[in-house]
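Welcome! Have a look at the structure shown here, and then let us walk through a sheet and some charged side chains together.

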Amino acid sequence: MINLLSKLVLFFVAVTFLFVPTKVQAHGLLTEGSQGNEVAILQEKLKALGLFYGPVTGYYGPITERAVASFQYETNLSSDGVAGPATFLMLHDVEQMARVVHGEARGESYIGKVSVAAVILNRLEDPAFPKNVSDVIHQTNAFTAVHDGQYHLQPSNNAYRAVLDAMKGWDPTYGSVYYYNPELATDTWIFSRSSVTKIGNHLFAK
């Protein structure tokens with residue numbers, strides 16, 4: 001009786017697991033000929049990145065395929081023009097980073113925006129920080145824009161482009177993992193970090 005009950009429990013757990021959608025399953029695989037709201041959202045995201053130049057139609061045609069391939073190329077993915085799980089994850093990472101860049105540096109020069117994106121990427125390479133973009137950005141008190149809600153503002157096109165430029169290897173901060181405005185900083189600990197360079201209103205440090 002106990003053995004039969006155990007088998008039934010395992011069966012229902014297995015069935016439940018099969019029908020619970022994951023983030024990857026929710027996105028599916030979009031390729032030429034796909035159509036619908038998910039394609040329209042993809043086109044909007046690529047348009048914000050300056051990679052999609054056609055009208056948002058919800059149809060995955062050659063223009064969308066080329067835009068996806070361009071995004072994949074700029075973010076070091078396999079540029080096959082097919083929007084699969086890796087592409088959607090990267091789009092999500094870029095969106096999060098652009099929100100931080102816009103919230104933290106929208107009053108800064110373009111190089112200042114790239115620098116903020118570079119710091120996020122540098123933290124990913126540093127063992128003292130989390131290993132994925134979302135955890136780096138949402139780490140407690142890591143970024144003022146997340147704490148005060150500016151993260152939820154719609155990023156500018158320059159914020160998106162700054163993220164892509166940082167992903168392609170542009171790092172004006174020379175490996176910095178911190179930055180702060182010395183006129184506004186209230187946490188004295190940050191002043192103990194070794195300064196690397198000053199860009200606009202921000203000091204970048206290791």
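Strand S2 and strand S3 (residues 202-205) run antiparallel to each other and are joined by four bridges. Within this pairing, isoleucine 199 has histidine 202 in S3 as its bridge partner. Please keep in mind that you are looking at a predicted model.

These two strands belong to an open sheet of three strands, ordered S1-S3-S2 and paired in the antiparallel sense. The edges are formed by S1 (178-180) and S2 (195-199), each of which pairs on one side only. On average, neighbouring strands of the sheet are turned by 25° against each other, direction ignored. Helix H6 (residues 110-125) packs on this sheet and touches S1, S2 and S3. The direction of H6 makes about 145° with that of S1.

Now to the charged side chains. Side chains of opposite charge can pair when their charged atoms come close. How many salt bridges does the structure hold? There are four salt bridges, and the table shows some of them.

| Salt bridge | N to O distance |
|---|---|
| Glutamate 74 and lysine 168 | 3.4 Å |
| Arginine 99 and glutamate 95 | 2.9 Å |
| Aspartate 165 and lysine 168 | 3.5 Å |

Let us start with glutamate 74 and lysine 168, whose side chains meet in a salt bridge. Lysine 168, at 46% relative accessibility, is partly exposed.

Lysine 168 also forms a salt bridge with aspartate 165. Is aspartate 165 buried or exposed? Its relative accessible area is 18%, which means that aspartate 165 is buried. Through shared partners, salt bridges join Glu74, Arg161, Asp165 and Lys168 into one network.

The salt bridge between arginine 99 and glutamate 95 lies within one helix. Both residues belong to helix H5 (residues 85-105), and because they are four residues apart there, about one helical turn separates them. Arginine 99 is buried, with 18% relative accessible area, and glutamate 95 is buried as well, at 14% relative accessibility.

How values were computed: Residues numbered from 1 in each chain as written. Predicted model: local features only at pLDDT ≥ 70, side-chain atom pairs only at ≥ 80, totals over all residues. Heavy atoms only, no water. Pairing = 2+ DSSP bridges. Axes fitted to C-alpha atoms, helices over the stretch in contact; angles between N-to-C directions. Contact = heavy atoms within 4.5 Å. Buried < 20%, exposed > 50% of the residue type's maximum accessible area, 1.4 Å probe, protein only.
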